Structure formats: C-alpha cells, structure tokens
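Open the model in your viewer and keep the sequence panel beside it. The tour moves from selection to selection.

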Amino acid sequence: MGEAGQQCISAGRVLVVGAGALGSVCALYLAGAGVGNITVADFDTVDISNLQRQVAYTEADAGHSKARTLCSRLRALNSEITATPVVAMVTARTLPALLENVDVVADCTDNAASKHTLSRLVCDAGLPCVTAGVDAYTAQVTVTAPGHPSFADIFGDVAPGAACAAGGSSLAEMRPCAAAGVFGPAAGMAATAQAAEILKILTGVGTPLIARLLVIDTLTASANVLSL
C-alpha cells in the first residue's frame, strides 16, 4: 500500500464497540498497523473465563475494566497512537456522540440485538460498519455500508434481548459462550479478518466484504465468501 496507504492508516479514526474476544484482538492489529485514533467502548470487566479467547488480557487483569486495560495495551504496543477508553454501555442514545469524527466502526459486540441496532445507526450516520461474530467453531465477517445490505437485510429482524455470543447457526442466532462454548482460535480468526477489512477501508486497498459474508469453518479448515 506504500507510504500513501500508511498515511491513511495513521490518519484513521476507528470506533471499536466491544472489548471482548473480537475487540481485544482486532484493536491490537489496528494499533500495530498504526491506526492513529482508536476508541474502545465497553462497560464490562475482565473475568478469568474470558482468557481462553480474549488474549489481550492476563489473570492479573481480572476485575479491571476491559476498555481501560485494552487501551493501555494498545498504547504499550504503539506509543504514537491515541487510544481512548469509553467505560459505558453503548446504546442508541449514546452512540451518535461516539460516531463523531470516526471513519469506520468495528462491531465487536456479542449479541445479535446489539449488532442489529449498531449496524442500522452506523449506516444512518453514513459510515461503514465491519461486523464479526463467532458460532462455536465458525467465524463470520461482513461489512455494512450506506446503500448496501444491512444486518437486518442479511440475517433478518432480531427481537430485542436476543441471546448472545456464540453457538447458533448464524450471527443472528447466538447463544451465550457459557452455554454453547466458543473455540478461541475461531474468535481470533474473525477478529483478524475484521481488522483486515478496516485497514482495507481506510486505505482503499482491495475489495471490502460489502454485500458479502466471509465464513471460516475451523473444523474443516475451509473458508467461503457468500454473495448477498
């Protein structure tokens, strides 16, 4: 991508919503690449059970804010970037303020209802949203953008309070990790692909997963891209 591409990355402004299995890995790659301004929003704290897939944290971080801890890791990785924690739940009321001065949003939430709302509001703001999720052993990544299929278009309407995280047949049919389990490397693959999509959008290099869904099956070591 050359010097011009790196300058685009340095000037990039990314909002990462969720600092769990997806956000903790995605944000590390963005910081390592040199994304100049990263905001991490998450209300939760680190739990020992998270460490199987949330590899940015350690046992010593248990009980501490995920957003603050992750931003500290990002700054330690790259001292030339700005990493800002937002320790709060992102809602339809609070999101508009977070979208100011942002180029792209990383949807790293762990429930279908949040993904549905986030995709809609981000597109309403005229911004691209890179959404990732994990279904047990399978990683899924797509990009929604104004004028293209939304989360609801792809997965159908999601009832408020829909279940969380992993274990359904798609991003829109998820069950909590505690109930269904999640293969740690699958989360890492989803987050890595998510970071790649964000860097592509910031630089204009390659073809983003707009109107396409990347599905990685770790059990069969296979990947497919579905045209939507």
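Are Phe 151 and Phe 155 buried or exposed? Select them: both Phe 151 and Phe 155 are buried. Keep in mind throughout that this is a predicted model.

**Two ring pairs**

Stay with these two residues. Phe 151 and Phe 155 both sit in helix H6 (residues 151-155). They are 4 residues apart, about one turn of the helix. Across the whole structure, a search finds 2 aromatic pairs.

Now select Tyr 137 and Phe 183. Their rings form a tilted pair, 5.3 Å centre to centre, with 45° between the planes. Tyr 137 lies in the loop between strand S5 (129-135) and strand S6 (138-144), and Phe 183 in the loop between helix H7 (177-180) and helix H8 (184-203), so the pair ties together parts that are 46 residues apart in sequence. Tyr 137 is partly exposed, at 40% relative accessibility. Phe 183 is partly exposed too, with a relative accessible area of 34%. Go back to Phe 151 and Phe 155 to see the ring geometry there: the centres are 4.8 Å apart and the planes stand at 45°, so this pair is tilted.

**The whole chain**

Zoom out and colour by secondary structure. The protein chain holds 8 helices and 8 strands. Of its 228 residues, 50% are buried. The accessible surface comes to about 9900 Å², and carbon and sulfur atoms account for 54% of it. Among contacts between residues at least 6 apart in sequence, 63% join residues at least 24 apart.

**The sheet**

Select the strands. All 8 strands form an open sheet with mixed pairing, in the order S3-S2-S1-S4-S5-S6-S7-S8. Strand S3 (82-86) and strand S8 (222-227) are the edges, each pairing on one side only. Neighbouring strands are turned by 15° against each other on average, direction ignored.

Move to S1 and strand S2 (residues 37-41). They pair in the parallel sense over 5 bridges. Pick Leu 15 to find its bridge partner in S2, Thr 39.

**Strand S4 and Asp 107**

Show side chains on strand S4 (residues 104-107). In a regular strand the side chains alternate between the two faces of the sheet. Here Val 104 and Ala 106 point one way, Val 105 and Asp 107 the other, and all are buried.

Strand S1 (residues 13-17) runs parallel to S4 and is joined to it by 4 bridges. S4 and S5 are also parallel, paired over 3 bridges.

Finish on Asp 107, in strand S4. Its relative accessibility is 0%, so Asp 107 counts as buried. Asp 107 is the bridge partner of Val 17, and it stands opposite Thr 131 in S5. From S4, trace the chain through helix H5 (residues 112-124) to S5: this β-α-β crossover is right-handed.

What does Asp 107 touch, not counting residues up to four places away in sequence? Select Val 17, Lys 115, Leu 118, Cys 129, Val 130, Thr 131, Ala 132 and Gln 194.

Definitions and conventions. Residues numbered from 1 in each chain as written. Predicted model: local features only at pLDDT ≥ 70, side-chain atom pairs only at ≥ 80, totals over all residues. Heavy atoms only, no water. Phe/Tyr/Trp six-rings, centres within 6.5 Å; stacked < 30°, edge-to-face > 60°. Buried < 20%, exposed > 50% of the residue type's maximum accessible area, 1.4 Å probe, protein only. Pairing = 2+ DSSP bridges. Right-handed = clockwise from strand over helix to strand, strands pointing away. Contact = heavy atoms within 4.5 Å. Areas by Shrake-Rupley, 256 points an atom, 1.4 Å probe, with all protein chains shown as cover. Axes fitted to C-alpha atoms, helices over the stretch in contact; angles between N-to-C directions.
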